[in-house]
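The structure comes first, then the points grouped by topic.

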2 protein chains.
Amino acid sequence: MVTKQYSGAPEDADLTRADSLAREIFSDIANKWAFLIIELLADRTLRFSELRNEIEGISHKMLTQNLRMLERYGLVERTVYPTVPPRVEYTLTAAGQALHEIVSGMCDWTHRYLAHIETSRQAFDA
Amino acid sequence: MVTKQYSGAPEDADLTRADSLAREIFSDIANKWAFLIIELLADRTLRFSELRNEIEGISHKMLTQNLRMLERYGLVERTVYPTVPPRVEYTLTAAGQALHEIVSGMCDWTHRYLAHIETSRQAFDA
DNA sequence: CCGTATCCTCCATGATACTG
DNA sequence: CAGTATCATGGAGGATACGG
């Protein structure tokens with residue numbers, strides 16, 4: 001799917017655009033921070049600072065950047081409460097929840113194959 | 001799962017290590033090239049140069065690097081045929097095939113929400 | 001054909017500071 | 001508290017060359 005190359009045939013225009021878009025989406029979302037954010041927001045709505053605290057090792061900048069990207073793609077909804085200090089909450093949209101099914105599957109996969117992977121790595125490194 | 005922080009309690013040792021490992025695996029594999037490679041190898045065994053040709057935009061170096069990583073994790077099996085010139089084939093292991101189920105689900109997701117995403121992006125950019 | 005090593009570039013990312 | 005902008009840099013990744 002995502003690897004289709006441009007053929008030049010006019011009737012391919014839509015398919016090619018769709019594939020190019022799919023590839024772009026794929027490239028943006030198949031990223032650890034995005035996955036971690038989605039995994040956390042699946043449980044409950046979280047504030048910016050809560051996300052920041054829960055995701056070990058993420059910088060302010062990366063969190064903002066990924067949240068914007070997810071919001072732009074319509075996977076996350078951002079709500080600003082005009083209080084002082086401001087309160088900003090992030091929650092998953094329906095599309096985001098659907099993606100969470102995938103992410104969740106990947107978490108399961110990771111745990112299921114943890115032992116296999118560890119064994120394999122030790123063998124490889126030897 | 002992958003976001004658990006170290007609590008310091010001794011009885012958490014294994015869980016903490018498992019989570020740290022899970023997080024590491026997650027970070028390595030949630031990467032566009034790895035996903036694309038797995039998607040392609042799901043169909044059939046491929047040679048290095050075939051992968052190189054099928055994955056638009058990947059460099060020799062990135063392909064090698066990702067194949068090594070996947071091999072190290074036991075997701076891909078590498079077979080060298082000692083001919084001249086050498087022939088090297090890559091195929092998915094059982095663990096790799098299991099992961100492909102996830103990747104495949106993500107491809108489906110992408111196509112299902114393509115329109116939603118495009119609409120959302122246009123709205124956001126305006 | 002495939003793999004590794006080297007060099008070099010540049011961009012992603014972190015750190016910092018300022019605003020509302 | 002949350003967002004944006006700026007600056008500096010390390011390291012990811014590309015290009016290239018050589019070896020098996």
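B:Cys107 has a relative accessibility of 5% and counts as buried, where buried means under 20% relative accessible area, exposed over 50% and partly exposed in between, with a 1.4 Å probe and protein chains only. This is a predicted model in which local features need pLDDT of at least 70 and side-chain atom pairs pLDDT 80 or more, while totals for chains, interfaces and linings use all residues. Residues are numbered from 1 along each chain as its sequence is written, chains are lettered from A and ligands numbered from 1 in the order written, and side-chain values use heavy atoms, without hydrogens and water.

**Cysteines**
- A:Cys107 is also buried, at 4% relative accessible area.
- The sulfur of B:Cys107 has its closest cysteine sulfur in A:Cys107, 18 Å away, which is too far for a bond.
- The count over all chains is 0 disulfides, a disulfide being a pair of cysteine sulfur atoms within 2.5 Å.

- Of the atoms of DNA strand C within 4 Å of the protein, 60% belong to sugar and phosphate.
- α4(B) gives the largest share of this surface, 4 residues.

- The side chain of A:Lys61 places an N or O atom 2.5 Å from a base oxygen.
- For B:Arg78, a phosphate oxygen lies at 2.8 Å.

Definitions and conventions:
Near = heavy atom within 4 Å. Polar contact = N/O pair within 3.5 Å; in protein donor to acceptor, adjacent residues only side chain to side chain. Helix = DSSP H or I, 4+ residues; strand = E, 2+ residues; numbered from the N terminus.
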